[in-house]
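Reader: I would like to go through the charged pairs and the sheet of this model. Please show the structure and then start with the terms.

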Amino acid sequence: MNKIGIIGLGRMGRGICRNLILQEYAVTVYDINKEQVQLFASDAAIAQDPGELLNRCDIIFLSLPSSVQVEETVLEFIAQGVEGKSIIDLSTSYPLSSRQLYDKVTAAGGRFADASLTGTPIHAEQGTLIVTFGGDRETFEATRGIIASFASRGVQYMGGPGAGNIAKLANNYLAIMYTALYAEIFPLAEKLGFDTQKLFETMGQSGVNCAMYQSNGSKIVNQTYDPSFSLDLALKDITYVKKLFEEYSMPSFILDGGLTLLRLGHLKGYGDKDLSEMARVVREYLGTEGKEGHDDNGVTG
């Protein structure tokens, strides 16, 4: 049986690791946060550093914050030797970086793929993620069954190197920009004196209704901001999409407004909060943050 390593035991990595262990794979783990590592001390082998994990394992999954950490880790692996190893990046990474890493790992005798995750930490715990896979077909076929242990809703082959990241960024771009729209319009409706709960329910019967509307729209209307996807992660993903536009000297007309709102949210200290807290930035500009909705004449929303 393949010996599997996981680097990164954060909100997604923990659930992925648990599902691999449940499938009785031989798992070795590493994370810079030793407390996260200790959660698996009785069920997995613990590596003291990434190099030890690479030596022990045939297939290495990376679940890291950004392309910066992915690049650092993979380049260290190449320097150590990756012949016969498969490195699968589960992070939402920059597609052009993933293409470069694919070329470098392949030239060094290993395999590399970008296999981005769609879903929440709850889906990771349940093993019901969706994975969009970019790389060569051979690596996809060799690892699909293992990935399916934590991605029961589908492991989709999207194309060559970087394609998994591109699919994930396109998905996240739409989800984030939908949320930015809700974050602008509902606080404005409050300021105008609308009953925004009634407005939300009425609009939910129209063509704008979707899962994103029901989840993030309701957070904004109710000002609950229950955490599921952080504002800083959204900012990272939108910044990657912006870079892709810039690669082709293409203006990003709609993206720029959402990017500005995310940057303001970060500067105001909401980075580790839920994406929906973009609405707090708008409410602060309107002077309604922390209050019931009022228009300038004091009409209650």
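Author: A salt bridge here is a side-chain nitrogen of Lys or Arg within 4 Å of a carboxyl oxygen of Asp or Glu. The model is predicted, so local features need pLDDT of at least 70 and side-chain atom pairs count only at pLDDT 80 or more, while totals for chains, interfaces and linings use all residues. Residues are numbered from 1 along each chain as its sequence is written, and side-chain values use heavy atoms, with hydrogens and water left out.

Reader: Is Asp 237 buried or exposed?

Author: Lys 236 forms a salt bridge with Asp 237, with the closest N and O atoms 3.5 Å apart. Buried means under 20% relative accessible area, exposed over 50%, and partly exposed in between (1.4 Å probe, protein chains only). Because its relative accessibility is 2%, Asp 237 counts as buried.

Reader: Which residue of β4 is the bridge partner of Ile 6?

Author: Two strands pair if DSSP finds at least two bridges between them. Strand β1 (residues 3–7) and strand β4 (residues 59–62) pair in the parallel sense over four bridges. In β4, the partner of Ile 6 is Phe 61.

Notes. Helices (H or I, at least four residues) and strands (E, at least two) are DSSP runs, numbered from the N terminus.
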